[in-house]
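Good morning, and thank you for coming.

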Amino acid sequence: GTSGPVIGILGEYDALPGLSQKADCPVQQPLIPQGSGHGCGHNLLGTAGMAAALAVRHYIEDTGICGSVVYYGCPGEENGAGKALMIEEHFFDEADIMLSWHPHYKSGLFNNSLANVRVTYTFHGKSAHASLAPHLGRSALDACELMNIGVNYLREHMIPDARVHYAYLNTGGTAPNIIPAEAQVFYAIRAPRDRDTGELKDRVDNIAQGAALMTGTQVTIKQNAVYRSFLPNSTLDQLLIKHLKASTPICYTEEEIRYARAFQLEGSLPHAKLSIDPYPDLTLDRKSGISTDAGNVSWEVPSGSFMVNCYANGSPLHHWTVTAQGKASIAHKGMLTASRIISSAAAELLENPELLQNAREDFKKAKSTVL
């Protein structure tokens, strides 16, 4: 399109480290040891978004309706909050509405996500021979371990919906007879609201400083990425619910139901009666433990997002079973369903200026209420 309202569609396509997996194989079998794999379904996410953008493009061309569609390829969602960097570069300034989706094992709205900040804590100590002169050393690895212990005690005193988890990026080497002079741990700190996350990060920072003090080391704290909580938009939520309802339940063959059963046993709902859940959750307030940088975009542009079932019932995201199912017919059915929902919602927004105006008003109201 060349004029009128601009409908944006978000696409993601990055994979996850360590989740390489042979397609359709219900036992863990990496294609490449420690290789990457689509354990969060972004292969489906990006493709469905592109399919929807193409459908809306043809709709605009065929009808001559006033409006435009823009597909945004967004890198680095996993661990990098790439959309936050895109916001800084004004990528989304032209968009009036933003639509997105995410693969899951249960269809429904995705209008609720946890705010999330990613932080690296690098401890700097002093190397020494661990047996000959241990008193001369100051272990950066000890500081990391003490920090992690302190955060474990913090968990008892966080709000129930908060989450804190970590991974070692540098353990200080492989020789036990050398006191590690540098070690690094990478934290994800999550909570329902941005300010909750900020307050929790301050407490984790204090624990890191305490660990440095206890070990005679120094700590460098670097904030790497910030994922904002998703700002719901009532008008867009109801629009997406309407098209979710029209596009589901998805029909599956007996072969697909048997296929899903093998993967269901590896997930969080191994005893559920349905190996694939075709029925959407049509509630407007659906809680989620997931974080997404689409949340950052939702604070800049009125946004709506949803999920479509693409995997066996209970399949956990960020797991090898999701990579394994990523090329299956079940996944493709969910992907194409998502593209129909996005394109149908986009077409209705272009046809109905009142919907656009209502979405803008909801956006302003939600921002003023939450802030």
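Predicted model: local features only at pLDDT ≥ 70, side-chain atom pairs only at ≥ 80, totals over all residues.

**Local features, cores and helix packing**

Asn 79 is partly exposed, with a relative accessible area of 36%. Asn 79 belongs to helix H2, which covers residues 77-80. Its backbone deserves a remark: phi of Asn 79 is near 70°, a positive value in a residue other than glycine.

Ala 81 also has a positive phi, near 50°, and is likewise a residue other than glycine. Ala 81 sits in the loop between H2 and helix H3 (82-88). Is Ala 81 buried or exposed? With a relative accessible area of 1%, Ala 81 is buried, because the cut-off for that term is under 20%.

A further backbone feature concerns a proline. The peptide bond that runs from Thr 248 to Pro 249 is cis, and its omega is near 5°. Pro 249 itself is found in the loop between helix H6 (234-247) and helix H7 (254-264). Both of those helices will return when I come to packing.

Which residues have the most contacts inside the largest nonpolar core? They are Ile 7, Ile 97, Leu 99, Trp 101, Phe 306 and Leu 349, in a core of 48 residues. Helix H10, residues 329-351, gives the most to this core, contributing ten residues.

Ala 331 counts as buried, because its relative accessibility is 0%. Which residues does Ala 331 contact, if neighbours within four places in sequence are left aside? They are Leu 44, Cys 310, Gln 325 and Gly 326. Leu 44 and Ala 331 are 287 residues apart along the chain, and yet their C-alpha atoms are separated by 7.5 Å.

Not counting residues up to four places away in sequence, Ser 127 touches Ile 178, Ile 179 and Ala 181. The C-alpha atoms of Ser 127 and Gly 172 are separated by 9.9 Å, and these two residues are 45 apart along the chain.

Helix H4 (residues 140-154) packs against helix H5 (residues 194-215) at an angle of about 140°, and the axes are 8 Å apart. That angle makes H4 oblique to H5. The crossing of the pair is right-handed. On the H4 side, the contact is made by Asp 142, Ala 143, Leu 146, Met 147, Gly 150, Val 151 and Leu 154. H5 supplies Leu 200, Arg 203, Val 204, Ile 207, Ala 208, Ala 211, Met 214 and Thr 215. By class, the residues of this contact are eleven nonpolar, two polar and two charged.

The next pair is H6 with helix H11, residues 353-370. Their axes come within 7 Å and cross at roughly 130°, and H6 and H11 are therefore oblique to each other. Here Ser 234, Thr 235, Leu 236 and Leu 239 of H6 meet Leu 355, Asn 358, Ala 359 and Asp 362 of H11. This contact has four nonpolar, three polar and one charged residues.

My last pair is H7 with H10. Glu 256, Tyr 259 and Ala 260 of H7 make the contact with Ser 329, Ile 330 and Lys 333 of H10. Its residues divide into three nonpolar, one polar and two charged.

Thank you for your attention.

Conventions:
Residues numbered from 1 in each chain as written. Heavy atoms only, no water. Axes fitted to C-alpha atoms, helices over the stretch in contact; angles between N-to-C directions. Helix = DSSP H or I, 4+ residues; strand = E, 2+ residues; numbered from the N terminus. Parallel < 35°, antiparallel > 145°, perpendicular 65-115°, else oblique. Left-handed = near helix turned anticlockwise from the far one by under 90°. Contact = heavy atoms within 4.5 Å. Nonpolar A, V, L, I, M, F, W, Y, C, P; charged D, E, K, R; others polar. Core = buried A, V, L, I, M, F, W, Y, C linked by side-chain atoms within 4.5 Å. Buried < 20%, exposed > 50% of the residue type's maximum accessible area, 1.4 Å probe, protein only.
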